[in-house]
Each structure stands twice: as structure tokens, then as C-alpha cells.
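User: I would like to learn how to read a model like this one. Can we go through a few features in turn?

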Amino acid sequence: MAICYKYQKYINDYIDNDIDAARKIELEEHMKNCSSCQENLKNAKLLKKSLASLPRYRTSPTFDIVLRSKLKKEINKSSTLLNLPFLPMIRPVPAFAAFTIFLIFVGVLIGNSINILNKEKTTPKLIAVEKAGYGEEKEAEATQQADAAEQRLKMNNYVNVFEQFPVSTTGSRDLARYEYNGRRIEKIQNDSLSRVRNNPTSKPLIRQANASVHF
Amino acid sequence: MTIKTNSQPNFSDEELIKKFQDGDLYAYDLIVRRYKDQLLNFAYRFLGNLEESEDVVQETFLRLYKNRHAYKQIAKFSTWIYTIAGNLAKTELRKRKRRKLVSISELGFEEKEYEIEDLKADTERQTDSILKEKIIKNAIENLPFRFKQVIILRDIQELSYEDISSILRIPLGTVKSRVNRARIKLQQTLKDLMTHENKN
């Protein structure tokens with residue numbers, strides 16, 4: 001059976017009673033000379049009628065009883081939970097996402113405050129920056145000063161340790177290796193060590209080495 | 001919650017759902033009565049099994065109960081409930097596909113008794129009607145899903161194109177074109193039946 005595609009659409013609209021007058025006339029004119037479209041229209045009508053007249057089923061007699069028992073369970077379930085009016089509005093996935101974001105936020109806050117407390121205890125840098133205020137220039141200046149102070153502190157620590165153990169070269173070398181400004185410190189340490197080796201009464205020399213380092 | 005003994009059941013769907021949203025369980029009952037058979041037939045044309053279809057309808061009404069506040073008056077209630085039932089039927093089909101089970105009841109008749117509306121008393125006609133239904137049912141089941149959806153909604157449930165467009169959330173033009181193509185496909189599949197019917 002051939003299908004005139006243009007008119008098939010018209011046939012479809014025709015059986016739905018959804019066709020404008022002009023197209024209806026055009027289709028009817030066409031069908032006078034097209035047996036295929038005539039048959040298509042007949043079949044389309046028949047199909048529509050057959051589909052519409054398929055047997056209609058009714059729910060089983062137990063439908064209402066089963067539904068009511070399911071509803072009862074549902075109502076009991078929801079009343080055992082917190083029966084608050086806003087609960088139906090809460091969707092589990094967005095609620096979980098919001099809770100996770102909240103936890104991350106709290107975690108970051110706690111982490112930051114711990115970090116700040118630690119820095120306050122250990123570095124003079126932060127204190128210097130805070131004392132200087134928050135202007136950009138002041139902050140840069142304060143940062144430089146603070147860096148210098150930090151280095152001085154490290155060097156003092158190193159020298160103090162070295163003064164206590166003037167002959168223990170390996171110990172002081174190990175210590176120097178772990179210092180922040182390792183290379184520079186090691187150079188000074190080597191200079192100091194050579195002087196220490198030359199002069200057993202080394203304390204004044206070490207102080208001199210300390211004083212000769214410009215930060 | 002108030003349970004009203006209402007002697008005027010001629011409320012529109014939208015009025016009933018509003019009453020139900022306000023706590024009127026009688027309104028819920030009326031909605032169930034109004035839609036249970038329609039939805040059963042709708043689900044049945046997808047699933048081809050009455051017991052499974054009834055489960056889908058039960059679940060639809062449970063969801064209606066649980067999510068009553070999700071319904072907004074901007075949409076037609078009928079399209080909303082058909083969307084829920086359609087999605088549940090689709091899920092059931094997917095589950096069935098996964099299980100890859102073909103139960104014998106699907107091939108024959110269901111064990112449970114279901115009443116058929118307006119079945120003619122004449123045995124010959126009854127047999128003819130059952131056979132015809134089986135042939136049409138098979139033809140519908142073999143349609144691609146997108147055609148099956150529209151043909152069930154349009155020619156079996158007899159919903160308007162606008163309602164189908166809202167239920168399936170596709171443009172009106174697409175609905176019309178799919179209905180057209182689905183009808184052509186069905187006519188081709190049911191050619192023998194059509195010839196037989198035309199002769200009679």
C-alpha cells in the first residue's frame with residue numbers, strides 16, 4: 001500500500017477532527033482520485049476505533065483495601081519520625097549536600113584558627129606584620145623586618161648550640177643541615193669551625209663570626 | 001485532618017487536590033475513585049500484566065499521598081498524575097528488562113480476576129474481541145517506546161494532544177508527528193486484522 005506522505009498527515013488530522021476547512025477540501029479532492037489514500041483513511045479510522053474500544057479493565061476488588069493498608073503504614077511511618085510540618089519540604093540529597101558544605105566550612109574555620117595560634121607562638125613574623133598594620137607598604141616592610149628577625153633568631157639558636165658544643169663538629173653540621181637557611185648557615189659554620197680548630201679557646205671567635213654575618 | 005461527608009462529588013480535579021492538600025482525606029478518596037481504573041488501563045497497555053499494573057497504580061496513589069504538596073496549581077492534575085504513573089510504568093519495564101524474566105502469565109491470561117467493563121455477553125463476539133485485543137496488544141508492545149507512549153495516551157486513553165505534550169514534556173508538534181508515525185506503523189503491522197475487519 002503506497003502512502004502519499006503529504007496526505008497521510010492530513011488523514012491523521014482528519015480522523016482527529018483537527019483539520020482546517022481548506023485542507024479538508026484538498027484531501028477530499030485528492031481522495032477522489034487516490035484509492036490508496038481512501039484505503040488509508042478507512043484503515044486509520046478502523047484502527048482508531050479498535051484502539052478506543054479495547055476492553056477497559058477495572059481494578060480488583062481488593063484494590064482499595066490494599067491501598068488503605070499501605071497508606072496506614074505510610075502514615076504510621078511518618079508519625080514515628082519527627083512529625084514537623086517543614087519535614088516534607090526537606091529533600092534528602094540537597095540536605096546532605098548542605099550539611100557537607102557546612103562541615104567543610106566549620107573544618108576550614110577550625111583549621112585556620114589553629115594555624116593562627118601556632119604561628120603566633122612560633123614566628124615573630126606574624127607579630128611584626130600585625131604590629132605594623134595592614135597597609136601594603138607597611139606590610140612589605142614589616143615582612144622584610146620579620147624575615148630578618150627570623151633569620152637572626154635561627155642563627156642565634158645555631159650559635160648558642162655551637163657554643164655549647166664547640167668540638168662536636170658532626171653534631172653542629174647535622175643541626176646546620178636542618179636549618180631553614182641551610183647553605184648560608186653551613187658556610188658560616190665551616191668558617192667558625194676552622195677558627196675553632198685553630199684556636200681551642202674558641203668562644204670569642206664564634207661571637208665574632210656571629211657578629212660578622214649581615215642580615 | 002478533617003474527613004468531610006461530601007454529597008457533591010462534582011469537584012474538578014484541581015479543587016479536589018487543593019482540598020486534599022488542606023487535609024481533606026475524602027477528597028483523596030474521590031481522586032482515587034476517579035483515576036484508579038483509568039490509570040490501571042494506562043499502565044496495563046505498557047506492561048501487559050494486570051497485577052503489575054495494579055501495583056503501579058497503588059504506588060502512584062501512595063506517591064500522590066506523600067507528595068501532595070509538590071503539586072502546584074499551574075499544571076493540570078490529570079497530566080501530573082499520568083506523569084507519575086507513566087514514570088513508574090517505565091521504571092517497572094526497565095526492572096523487568098534487567099531481570100530478563102518472561103513470566104508465563106504475560107503470555108496468557110492473569111490468574112487474578114479482573115472485571116472487564118461492558119463485555120458483550122455473546123460468546124463468539126467475546127472470543128473475537130479477546131483475539132483482536134491480543135493481536136493489537138502485541139502490535140502495541142512491539143512499537144518503539146516513544147511511539148507506544150503516544151499511541152496509548154492518544155488513542156487508548158483518548159487524551160488531548162496538549163495534555164500528552166504536558167505529560168511527556170515534549171513539544172506539541174513532536175507529539176503529533178509521533179502519533180502520525182505510530183499509527184502508520186500500527187496500520188502496517190495490523191494489516192491483516194484491518195483487512196479482516198473491513199470485510200466484516
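User: What covers the buried residues of helix 1 of chain A?

Analyst: First, a caution: this is a predicted model. Buried here means under 20% relative accessible area. The cover comes from both chains. It includes helix 2 (21-33) and helix 3 (35-52) of chain A, together with helix 8 (161-168) and helix 9 (172-189) of chain B.

User: Which residues of helix 1 of chain A are buried?

Analyst: Helix 1 spans residues 5-15 of chain A, and its buried residues are Y7(A), Q8(A), Y10(A), I11(A), N12(A), D13(A) and I15(A). Helix 1 of chain A is followed by N17(A), whose phi is positive, near 55°.

User: Now the surface. Is F105(A) buried or exposed?

Analyst: Exposed means over 50% relative accessible area. F105(A) is exposed, because its relative accessible area is 54%. F105(A) lies in helix 5 of chain A, residues 92-122.

User: What pLDDT does chain B average?

Analyst: Chain B averages 83, and 80% of the residues score at least 70. Residues 1-6 of chain B have pLDDT below 50, with twelve contacts in the model beyond near neighbours in sequence. Residues 107-111 of chain B are also below 50, with ten such contacts.

User: What ipTM and pTM does the predictor give the complex?

Analyst: The ipTM is 0.76 and the pTM is 0.59.

Key:
Residues are numbered from 1 along each chain as its sequence is written. Chains are lettered from A and ligands numbered from 1 in the order in which they are written. This is a predicted model: local features need pLDDT of at least 70, side-chain atom pairs count only at pLDDT 80 or more; totals for chains, interfaces and linings use all residues. Side-chain values use heavy atoms; hydrogens and water are left out. Helices (H or I, at least four residues) and strands (E, at least two) are DSSP runs, numbered from the N terminus. Buried means under 20% relative accessible area, exposed over 50%, partly exposed in between (1.4 Å probe, protein chains only). pLDDT is the predictor's confidence in each residue, from 0 to 100. Contact means heavy atoms within 4.5 Å.
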